[in-house]
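Subject: Structure for your review

Dear colleague,

Please find the structure below, handed over for your work. My notes on it follow.

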Amino acid sequence: MSLKPGGTGVAREDAFVHPALFYLGDEEYLAGTVPFIRAGLDAGEPVAVAVPGVRTAQLGSALGAAAGQVTWIDMAKAGRNPGRIIPGVLRHFADRHPEGRVRIIGEPIWPGRSATEYPACAQHEALINLAFAGREATILCPYDVARLDPVAIADARATHPVVIDRYGTHPSGDYAPHRVIGDYNLPLPEPAEAAGAVAMSFDIDALPLVREFACHWGTRFGLGPRAVGDLELAVNELAANSCLHGGGTGTARLWPENGHVVCEVSDAGTISDPLVGRRPADMSPNGGRGILMVNHLADLVRVHTGPEGTTIRVYMHTMSPGLS
């Protein structure tokens, strides 16, 4: 697998470069990533590698002494909530290096991501193109074509303008990030009856009661003290947003699901900005800072918004770190 000069096969004058790397096995993974990293280091570009932990060790070994020049991020931890990756991983690194081009490997979709997580992952990959438009950055996203669902590979062609594979570098004829954002903006599935969901309606005067409600049931459903505290903050932010931007009232529901406590806040408002909650705090318009905080607190955030209203679903894990 070979890359053209610069390691991307895309003209350097393009401000933002966002290729997908389709690989089969470890050999192709290293062939597509190690030269990309070395090309960035040789060009004097700050380089970050945000991949699942097992890959960091593999890449570090392949790079040898050069590994010390790279910023390493375990994506399985820092990016377990896809909504956190743009503000907390990609922009966090890029904004520390405002002069010149930065180079990042970001692998947000790996074998083991669940069906519950995947829609947020696909939307994240589409939203990178909006978040970095005009920015001098190159973000390479590896995809394991042998082990990922074919849907994920098809979506990658729609969220990346360029595809790199064993045959070379090609423009993606399926590039349509806005379509992917819309395709996964679907009504969220109802919890199973056995989940035993509890609910309460609220207005601005009832915000303290919503926090008490979330803490009580979060504890009953198995969250530890720290996670209950995070849930309380998240629910407070979402309920306050409902009161200020979602018609003045809302409904909160909680239930246990596959080793998680799920908290859902619904209201009559509509989110028109697809990057809400994904910009750094000093760049978030009114209404975005609360969701940004929620993205940093939660293990997963799912959103459905439209003319009929908005539902935001927050997942906090109890004992199990994964979603099924």
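Which residues of strand β7 (residues 162-165) point one way, which the other way, and are they buried or exposed? Val162 and Ile164 point one way, Val163 and Asp165 point the other way, and all are buried (under 20% relative accessible area, with exposed meaning over 50% and partly exposed in between, for a 1.4 Å probe and protein chains only).

Please note that this is a predicted model, in which local features need pLDDT of at least 70 and side-chain atom pairs count only at pLDDT 80 or more, while totals for chains, interfaces and linings use all residues. Residues are numbered from 1 along each chain as its sequence is written, and side-chain values use heavy atoms, with hydrogens and water left out. Helices (H or I, at least four residues) and strands (E, at least two) are DSSP runs numbered from the N terminus; two strands pair if DSSP finds at least two bridges between them.

Strands around β7

Strand β2 (residues 19-23) runs parallel to β7 and is joined to it by 3 bridges. In this pairing, alanine 20 stands opposite valine 163. With strand β8 (residues 168-171), β7 pairs in the antiparallel sense over 4 bridges, and valine 162 stands opposite proline 171 of β8.

Strands around β10

Strand β10 (residues 249-257) pairs in the antiparallel sense with strand β9 (residues 198-203) over 6 bridges; here arginine 253 is the bridge partner of alanine 199. Strand β11 (residues 260-267) is also antiparallel to β10, through 7 bridges, with tryptophan 255 opposite valine 262.

Helix packing

Helix α4 (residues 85-95) packs on helix α5 (residues 118-131) at an angle of about 55 degrees, and their axes are 11 Å apart. Axes are lines fitted to C-alpha atoms, for helices over the stretch in contact, and angles run from 0 to 180 degrees between N-to-C directions. The angle therefore makes α4 oblique to α5 (under 35 degrees counts as roughly parallel, over 145 as roughly antiparallel, 65 to 115 as roughly perpendicular and the rest as oblique). The contact (heavy atoms within 4.5 Å) is made by Ile85, Ile86, Leu90 and Arg91 of α4 and by His124, Leu127, Ile128 and Ala131 of α5.

With kind regards
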